[in-house]
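Comments on any of the points are welcome.

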Amino acid sequence: MVYGIESQQPKPPPRVVLFGYDSSPFANKVRLALRIKQIPFSYVTVPSMMPRPLLKTVFGLSYRKIPILAIGRDIYCDTSLIIEALEHYFSEPAYGTVYPKARGNEFWDYRPLARGFASFWTDKPLFRTTTGLIPHTVWASKFGTDRGQLIGHKLDPEKLKAKVPQNLAAFDLHLSLLEPMFKASGRSEAGGWVFPTDSPSLGDLSLWYQIKWGVDIASGKGIYNLTGGGTRDTDEDTTAGVWNAQRYPSLWRWFHEFEKYVDSLPNLEVVVKDGDHAWKRALKETKLWKDERVLVPAAAAPQHSLDVQRGLKPGVVVSVVPDDTGRGDPTTGKLIAIGVEEVVIEPETKGELEVRVHFPRLGFVVKMFSREEAKL
């Protein structure tokens with residue numbers, strides 16, 4: 001049983017607006033999902049570093065990670081929840097899916113494995129590895145200062161430069177672990193995806209975006225955008241010794257087949273020009289969803305008894321922070337709804353638009369907000 005409302009197509013569909021910057025791997029992950037699902041959307045560029053006055057002014061949002069996705073006036077944070085919301089509110093047959101049926105076994109639900117593959121492999125240990133390939137000039141810029149504040153300690157560009165060979169070896173390890181997945185019988189040819197499906201799934205887009213970003217950023221491609229102009233792009237093939245067709249032929253073949261698949265799909269992205277606020281007017285005209293529609297369905301009902309023991313019930317003020325980096329910048333607001341996988345708040349800081357902000361519970365800490373603790 002799935003707890004929550006059945007998938008419904010909003011009529012008319014709400015405006016979808018993605019906020020990110022071009023060298024953000026996670027923003028590009030969502031762009032891939034939107035293209036595979038064939039959802040029209042507006043792309044609004046925001047700085048790679050704080051502050052981001054647009055998000056604060058319009059939504060009252062102090063959350064510092066990217067991307068942010070607006071579906072009407074519901075604001076989604078973190079790709080793990082963003083993709084589930086898109087899959088729910090823009091479902092088949094009107095839209096594509098990142099969970100196509102398994103080939104030869106339509107009753108096998110691999111979705112939990114795909115979500116875990118993304119959340120616990122590509123988005124975390126693999127991302128930490130590819131981040132370690134970033135040229136040291138990036139860390140010497142103001143971007144390095146900003147990310148030091150996000151992580152909670154100062155970053156040393158020279159030490160990080162010395163660790164690149166170690167991280168390149170770790171990247172090679174990840175590729176070695178992945179290669180057998182595409183060598184199995186019948187999977188080494190075109191159309192052999194991460195899971196046995198007829199078209200790519202979340203598993204494919206999650207792996208592809210991370211390898212693509214890691215190879216590009218290691219070479220210095222996109223670091224001008226990443227640093228807000230703090231360093232110039234370079235073109236050094238840092239990963240060629242480990243990422244090549246001879247060393248990982250099956251993975252290499254899959255990578256380029258996925259790229260061709262995506263390129264064959266229409267691109268429905270509209271890049272918003274500076275000063276164009278049509279997207280804001282469109283969001284303002286959208287009505288907030290009713291409370292019974294606010295949570296993305298989950299496999300289990302909300303565990304109200306455990307949440308209430310911690311004081312987490314609708315109407316109280318809570319703080320939400322990531323459990324890894326960015327813990328010094330909590331998002332606070334009135335709790336609107338809480339489920340087993342998701343929490344929804346009305347931000348305490350008011351913006352131009354009345355919105356609801358959605359966070360996944362996976363990877364985040366939700367607790368009662370204490371102003372005394374905040375002062376400390």
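1. In the span of residues 14-94, the end C-alpha atoms are 14 Å apart, and the composition is 38% helix and 22% strand. Helices (H or I, at least four residues) and strands (E, at least two) are DSSP runs, numbered from the N terminus. The UniProt record, an unreviewed entry, lists residues 14-94 as "domain: GST N-terminal"; its positions are given in the numbering used here, feature names are shortened, and annotations may be inferred rather than shown by experiment.

2. This is a predicted model, in which local features need pLDDT of at least 70 and side-chain atom pairs count only at pLDDT 80 or more, while totals for chains, interfaces and linings use all residues. Residues are numbered from 1 along each chain as its sequence is written, and side-chain values use heavy atoms, with hydrogens and water left out.

3. The chain contains 14 helices and ten strands. Its radius of gyration is 21 Å, close to the 21 Å that the globule rule gives for 376 residues, so the chain is as compact as a globular protein of that length. The radius is taken over C-alpha atoms, and the rule is 2.2 Å times the number of residues to the power 0.38. Along the principal axes, the C-alpha atoms fill a box of roughly 60 × 50 × 45 Å.

4. Of the 376 residues in the chain, 52% are buried (under 20% relative accessible area, with exposed over 50% and partly exposed in between; 1.4 Å probe, protein chains only). Among contacts (heavy atoms within 4.5 Å) between residues at least 6 apart in sequence, 71% join residues at least 24 apart.

5. The chain exposes about 17900 Å², and carbon and sulfur atoms supply 54% of this area. Accessible areas come from the Shrake-Rupley method with a 1.4 Å probe; for residues, only the protein chains shown count as cover.

6. Ile336 belongs to strand 7 (residues 331-338). With a relative accessibility of 16%, Ile336 counts as buried. Leaving aside residues up to four places away in sequence, Ile336 touches Asp291, Pro314, Val344, Ile345, Glu346 and Arg356. Thr349 is 13 residues from Ile336 along the chain, and their C-alpha atoms are separated by 15 Å.

7. Where does Asp307 lie? Asp307 is in helix 13 (residues 304-309). Asp307 counts as buried at 5% relative accessibility. Not counting residues up to four places away in sequence, Asp307 touches Leu312, Ile338 and Arg361.
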